[in-house]
Amino acid sequence: MFISNLTHFLDSDGNIALEMTRIGRERAGFFAMIVDEATKPPAEEYIELRCFRKKCEGTIEIMILDETEEIEYWCSHCPDIAGRISGWQGTKWDNRKLTSDL
Ligand SMILES: [Zn+2]
């Protein structure tokens, strides 16, 4: 279980930092996609994405933890793809403001 702070992957403009390794950028893109999905209205209890690993038929399941607001994700097939994302609030992938403006 990894806990990743999304802001550590971003530059001062809030974009995915260019000076990372390819793997780092892929990981950051994956986290950004999860945050985007998790915060998209209508808020669902349970969201599923296709696993990004080649040849994996599993789905990535995502939920926002009530207590900490960390976003937890795990692949139904890959035991090593599981973790939590913190520090996503207020990033450009945080869609919650779309609903609170109504
Ligand atoms: Zn998988």
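Visitor: How many bridges join strand β2 to strand β3, and do they run parallel or antiparallel?
Guide: Four bridges join β2 (residues 47–50) to β3 (residues 59–64), and the two strands run antiparallel. Strands here are DSSP runs of E with at least two residues, helices are runs of H or I with at least four, and both are numbered from the N terminus. Two strands pair if DSSP finds at least two bridges between them. This is a predicted model, in which local features need pLDDT of at least 70 and side-chain atom pairs count only at pLDDT 80 or more, while totals for chains, interfaces and linings use all residues. Residues are numbered from 1 along each chain as its sequence is written.

Visitor: Which residue of β3 is the bridge partner of Ile47?
Guide: Ile47 has Ile62 as its bridge partner in β3.

Visitor: And how many bridges are there between β3 and β4?
Guide: Five bridges pair β3 with β4 (residues 71–75), in the antiparallel sense.

Visitor: Changing topic, which residues of α1 are buried?
Guide: The buried residues of α1 are Phe31, Ala32, Ile34, Val35, Ala38 and Thr39. A residue is buried if 20 or more other C-beta atoms lie within 10 Å of its own, exposed if 12 or fewer, and partly exposed in between, with C-beta atoms placed from the backbone. Seen down the axis of α1, these residues fall within an arc of 160°, so they line one face of the helix. The arc is that of the directions from the helix axis to the C-beta atoms.

Visitor: Why is Asp36 called partly exposed?
Guide: Asp36 is partly exposed because 16 other C-beta atoms lie within 10 Å. Asp36 belongs to α1 (residues 22–39). Beyond its neighbours within four places in sequence, Asp36 is in contact (C-beta atoms, placed from the backbone, within 7 Å) with Trp93 and Asn95.

Visitor: How many residues does the largest nonpolar core have?
Guide: That core has 14 residues, and those with the most contacts inside it are Phe31, Ile34, Val35, Ile71 and Ile85. The largest share of this core, five residues, comes from α1. A nonpolar core is a set of buried Ala, Val, Leu, Ile, Met, Phe, Trp, Tyr and Cys residues joined through C-beta atoms within 7 Å.

Visitor: What does Phe31 touch?
Guide: Not counting residues up to four places away in sequence, Phe31 touches Ser4, Leu6, Phe9 and Ile85.

Terms used:
Contact = placed C-beta atoms within 7 Å.
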